[in-house]
Amino acid sequence: MDKHIELSYCCFESFKVLANNYLVVASHDHFPEIRHLLGETNMTPADVAENLMPKSSKEDAGTCLERLIEALETAKVEAKLKAEEEEEKEKANKDKKKRKKMVLRKMVSLRVRVLRKMVMLVKVNHGNI
């Protein structure tokens with residue numbers, strides 16, 4: 001059975017704790033940009049931590065923070081594209097429902113006309129019998 005687990009997203013205060021834990025920095029020139037991006041983008045603390053972890057001993061805090069900025073910008077673009085796709089799907093579904101409703105109206109109208117003709121035929125035939 002699949003279960004959907006809703007995780008919270010990382011806020012700037014949580015990011016500062018992670019940055020201090022992984023990079024031992026309390027402040028950096030990249031922090032304002034990261035604050036701004038975290039306000040616009042949904043990213044879990046685990047994803048933030050993954051981007052903050054140095055991949056080699058040669059990486060410094062600046063490199064790791066730049067990687068996080070790139071990941072946040074990518075996540076922002078992906079979220080925008082996903083929202084646009086959802087909007088297009090919703091519009092397509094709306095159009096489909098509208099067309100279906102029009103077809104049903106036409107079918108009802110056609111059936112009403114057929115029934116009227118049948119009633120007229122019955123009246124005509126009934127009068128001749």
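Student: Is Thr-41 buried or exposed?
Tutor: Happy to start there, and keep in mind that this is a predicted model. The cut-off for a buried residue is a relative accessible area under 20%. Thr-41 has a relative accessibility of 4%, so it counts as buried.

Student: Where in the chain is Thr-41, and which residues does Thr-41 touch beyond four places away in sequence?
Tutor: Thr-41 lies in the loop between α2 (31-40) and α3 (45-52). Although Thr-41 and Leu-72 are 31 residues apart along the chain, their C-alpha atoms are separated by 6.6 Å. Setting aside residues up to four places away in sequence, the residues that Thr-41 touches are Leu-72, Ala-75 and Lys-76.

Student: Let's turn to the cysteines. How many disulfides does a search of the whole structure find?
Tutor: A disulfide needs two cysteine sulfur atoms within 2.5 Å. For Cys-10, the closest cysteine sulfur is that of Cys-11, and at 6.0 Å it is too far for a bond. Looking from Cys-11, the closest cysteine sulfur is in Cys-10, again 6.0 Å away and too far for a bond. Searching the whole structure therefore gives a disulfide count of zero.

Student: What is the relative accessible area of Cys-11, and how does Cys-10 count?
Tutor: Buried means under 20% and exposed means over 50%, with partly exposed in between. Cys-11 is partly exposed, its relative accessible area being 39%. Cys-10 has a relative accessibility of 3%, so it counts as buried.

Student: Which residues is Cys-10 in contact with, leaving aside neighbours within four places in sequence?
Tutor: Cys-10 sits in the segment before α1 (12-23). Its C-alpha atom is separated by 14 Å from that of Phe-31, 21 residues apart along the chain. With neighbours within four places in sequence left aside, the contacts of Cys-10 are Phe-15, Leu-18, Leu-38, Met-43, Thr-44, Pro-45 and Val-48.

Student: One last topic, the surface. What is the area of the nonpolar surface patch that includes Leu-110?
Tutor: Leu-110 is placed in helix α4 (residues 61-128). A patch residue needs over 30% relative accessible area, and Leu-110, at 47% relative accessibility, counts as partly exposed. Leu-110 makes this nonpolar surface patch together with Val-114, Leu-115 and Met-118, and its area is about 380 Å².

Note on methods. Residues numbered from 1 in each chain as written. Predicted model: local features only at pLDDT ≥ 70, side-chain atom pairs only at ≥ 80, totals over all residues. Heavy atoms only, no water. Buried < 20%, exposed > 50% of the residue type's maximum accessible area, 1.4 Å probe, protein only. Patch = residues over 30% accessible without salt bridge, like charges linked within 9 Å, V, L, I, M, F, W, Y side chains within 5 Å. Areas by Shrake-Rupley, 256 points an atom, 1.4 Å probe, with all protein chains shown as cover. Salt bridge = Lys/Arg side-chain N within 4 Å of Asp/Glu carboxyl O. Helix = DSSP H or I, 4+ residues; strand = E, 2+ residues; numbered from the N terminus. Contact = heavy atoms within 4.5 Å.
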